Amino acid sequence: MRILVVGNHARPVGGAETMLLDGVRLLREAGHEVRVLALGTDGGPPPPAGRFAAVWSRPAAAATDRLLARWRPDVAHVHHVYEGLTLSVVAALQRAGVPVVMTLHDYRPVCPNYRLFRAGGPCERCLRPSRRPVEVARLGCLEGPRLRSVAAAAEAAFAGPIHRRVAAFVAPSTYLRDRVVAGGLPAGKVTVLPNPVRPGPPRPAPPDRPRFGYIGRLVDEKGLDTLLDAAALLPPGAAVDVYGDGRMTGRIGDRVAAQRLPVTVHGRIAPADVPAALHRLTAAVLPALWPENCPLALLEAAACAVPAIASRVGGIPEIVADGRTGLLVPPGDPRALAAAMAGLGPARSARLGAAARADAVARHAPGDYLTRLEALLTRPRTPIPV
């Protein structure tokens, strides 16, 4: 089968890009002919020049047309394209009669700020399609200049017909599936297919002294202030490692220094170094405030036999079984988070970690993911009329 894989980036910028690259590798290993269209790649468009260009990109649409003139795919597997390639590439594929299967890495089709989260708490105002453009423009849901929210409102106004012509959607969690269906996507087109993870080297043994780690973007919705508040409540000898970068980097460093917290901020970590970092931990911590979908950080920890302590939000409970493969706590509750961290000794960490790895191997096997993905990509062979 000839498959065009489309996404903003073809390098490991974040979880969505990692899933794109893993999918490409799996499909090629299975013998499919796969090409990739992404920003800055050979034949791909340059990054958009401005905020409104990031809503609809003529260069991206033109690059898609040029590729299709040289090489005709049987199907396109589209990942995250918003504010980069934009929906212009999906529209170009649809005009050419190429069936599109889209993996949803967040809530963007039904929530213009993609998180179902604003002003520090949950928000589902945009699940009403008729109100979506009005709400995002009125509330200014996206960080940064007001123009960015206005651009997202414009996108929401024209995105509906494009999304309706997508042949199939992949939702990596049941929670995300239910939310996008509530927001207007056809239930019959949305299939739950959890992200895959390759088993990593299992952690030899938990550390004798409690050590916890966060790996990911340093942004407010990840609950990092909650983690720092919890760190201040930990017993002497406990330590927390923070890996990543983002708009909170400076603020976190200032808090750690001012309050003398038992936290080390390491900066961005290379994917190849993640297993070694995980092996030093009692548990991985994800104190998310927004409804995470199928977070790669938890899957990678489980694949290395490291349990997680995470918020009971979004799709996280579909990955972490409370008391069996990890621990779940209420979001935004530093005392509950600190209590869970302080109560996790080496023996229990080893037991939960072993169960987490067994679950990851059984429920997130790359081979199973490939089989189900191939079935979805093969199914929509009839083009969806424009």
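**View A. Pairing of R2 with E33 in the predicted model.** The bridge partner of R2 is E33, in strand 2. Strand 1 (residues 2–6) and strand 2 (residues 33–37) run parallel and are joined by five bridges; two strands pair if DSSP finds at least two bridges between them. Between these strands the chain passes through helix 1 (residues 15–29), and the β-α-β crossover is right-handed, that is, clockwise from the first strand over the helix to the second with the strands pointing away from the viewer. Helices (H or I, at least four residues) and strands (E, at least two) are DSSP runs, numbered from the N terminus.

**View B. Helix 10 (residues 296–303) and its cover.** Six of the eight residues of helix 10 are buried (under 20% relative accessible area, 1.4 Å probe, protein chains only). These are L296, L298, L299, A301, A302 and A303. Their cover includes helix 1, helix 9 (274–279), strand 12 (283–286), strand 13 (308–311) and helix 12 (346–363). Just after helix 10, A305 has a positive phi of about 65°.

**View C. The largest nonpolar core.** A nonpolar core is a set of buried Ala, Val, Leu, Ile, Met, Phe, Trp, Tyr and Cys residues joined through side-chain atoms within 4.5 Å. Of the 83 residues in the largest one, V90, I309 and M341 touch the most other members. Helix 7 (residues 224–231) gives the largest share, five residues.

**View D. Contacts of M341.** Leaving out residues up to four places away in sequence, M341 touches F212, L227, A230, L234, V240, V285 and I309 (heavy atoms within 4.5 Å). A second, separate core of 17 residues includes I3, V24, L193 and L370.

**Notes.** Residues are numbered from 1 along each chain as its sequence is written, and side-chain values use heavy atoms, without hydrogens and water. In this predicted model, local features need pLDDT of at least 70 and side-chain atom pairs count only at pLDDT 80 or more, while totals for chains, interfaces and linings use all residues.

Conventions: Buried means under 20% relative accessible area, exposed over 50%, partly exposed in between (1.4 Å probe, protein chains only).
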